[in-house]
Amino acid sequence: MLLRGLLRKFIQVGTLTVVWPDGTSTTYSQGLAGPTATMRLHDKNIASRLFLSPELALGEGYMEGRITVEEGDIYDLLDLLGRNYKLTGAGLGTVLHTFLEGIDLLFRGIHQYNPLDRSKSNVAHHYDLSGDLYELFLDEDRQYSCAYFPTGSEDLDTAQKEKKRHIVRKLLVEGGQSVLDIGSGWGGMGEFLAKSCNAKVYGVTLSEEQLSYSQNRVEKAGLSRDVSFHLQDYREIRGSFDRIVSVGMFEHVGVRHYREYFGKIHELLTEDGIALLHTIGRVGPPSTTSKWIRKYIFPGGYSPSLSEITTAIEKSGLVTTDVEVLRLHYAKTLRHWRKRFLANREKAVALYDEQFALMWDYYLAASEIAFHYMDHVVFQIQITKDQAAAPLTRDYLYKKENPHQTAIAS
């Protein structure tokens, strides 16, 4: 069986035991210390599919119950595989795998083609799921993006507050300034900007579920005069803004639209304005999105390399004034999310079904592994039209008191 030969080459650290459909088992180990996991394959077809398309078949097999983990859980299995991927990388494959990966890279522009109508449907696929689902694992503010852990020991709610503070400091918002929030989520960033900086916030989202929640929250907070949210694509926005922030939205833009995206930022930003992009990215060269993630979680999504982002910024006439790479912060965030999700797993099954719960568990576990071993990081990129718009040094980010933002440290 071809899969046996692939695993024999792939497993360099730790121990993987595979129980085959006929009940026999094979243990793969080179004797190097590492995680241990056992997976059972319940039919011959899934074994063949694992050889042809490992990441897609593993996720689908786990969701469908055709692959089960008998020693540890899905995280333990993915941790073992992730550690070995980090060692072997592209070297694990055959000529066939190299060819298939090349085909996927060739067609990534089609996978990430996100015109107006398709962008909305792609967003709805994930973000218009029941709000009750997100209550099961997010923090109290529903921040669905990488948290910020200054010491590494913060709880999730604290780390998400620190994320908002860190971003707002980079924006250097002054009281009364206008702020555009592209991809405003459940409204937490917009509310925070209004409360901490007295900003006038215009937020846009393509999720009807998020829009309704955001509008209700600012109304309850008495901020409707300062914060408004709209069901609108970034390409449809008109006007001028002193500050622009985008958190966890750029991953849905698609490489074919980067020039268009930053061109819009250039059009909307005032001459002395500041923009802040917070996005998942990769420290390696341009690549493709996991087939499983693309199919089941984020259709049209992609985590770009830094070179892909900065090239588009340069061609738009904007200036990159600061880049920060948040490395393991998202891995920590995802660990918190998965722990909370598993504690509420029965509620997730009641909302949807068992297969959905398996899918979501796999998604959270696989995403954490990607930030540990597969070159995924988060970029925070400060952008201006005028390089003098931002301070000369980064000291202002770490001062407890900020002349523009007196409430941020509270």
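How many helices and strands does the protein have? The protein has 17 helices and 11 strands. The model is predicted.

**View 1. Overall fold of the predicted model.** The chain has 410 residues, and 57% of them are buried. Among contacts with a separation of 6 or more, 72% join residues 24 or more positions apart.

**View 2. Packing of helix α9 against helix α15.** Helix α9 spans residues 156-171, and helix α15 spans residues 329-343. Their axes lie 11 Å apart, at an angle of about 140°. Angles over 145 degrees would count as roughly antiparallel, and 65 to 115 as roughly perpendicular; α9 and α15 are therefore oblique to each other. Their crossing is left-handed.

**View 3. Residues at the contact of α9 with α15.** From α9 come Leu-156, Asp-157 and Gln-160. They meet Thr-333, His-336, Trp-337 and Arg-340 of α15. By class, this contact has 2 nonpolar, 3 polar and 2 charged residues.

**View 4. The largest nonpolar core.** This core has 69 residues. Leu-41, Tyr-144, Trp-292 and Trp-360 have the most contacts inside it. Helix α17, residues 354-373, gives the most to this core, with 12 residues.

**View 5. Surroundings of Leu-41.** Residues up to four places away in sequence are not counted here.

Terms used:
Residues are numbered from 1 along each chain as its sequence is written. This is a predicted model: local features need pLDDT of at least 70, side-chain atom pairs count only at pLDDT 80 or more; totals for chains, interfaces and linings use all residues. Side-chain values use heavy atoms; hydrogens and water are left out. Axes are lines fitted to C-alpha atoms, for helices over the stretch in contact, and angles run from 0 to 180 degrees between N-to-C directions. Helices (H or I, at least four residues) and strands (E, at least two) are DSSP runs, numbered from the N terminus. Angles under 35 degrees count as roughly parallel, over 145 as roughly antiparallel, 65 to 115 as roughly perpendicular and the rest as oblique. A crossing is left-handed if the near helix is turned anticlockwise from the far one by less than a right angle, and right-handed if clockwise. Contact means heavy atoms within 4.5 Å. Ala, Val, Leu, Ile, Met, Phe, Trp, Tyr, Cys and Pro count as nonpolar, Asp, Glu, Lys and Arg as charged, and the others, Gly among them, as polar. A nonpolar core is a set of buried Ala, Val, Leu, Ile, Met, Phe, Trp, Tyr and Cys residues joined through side-chain atoms within 4.5 Å. Buried means under 20% relative accessible area, exposed over 50%, partly exposed in between (1.4 Å probe, protein chains only).
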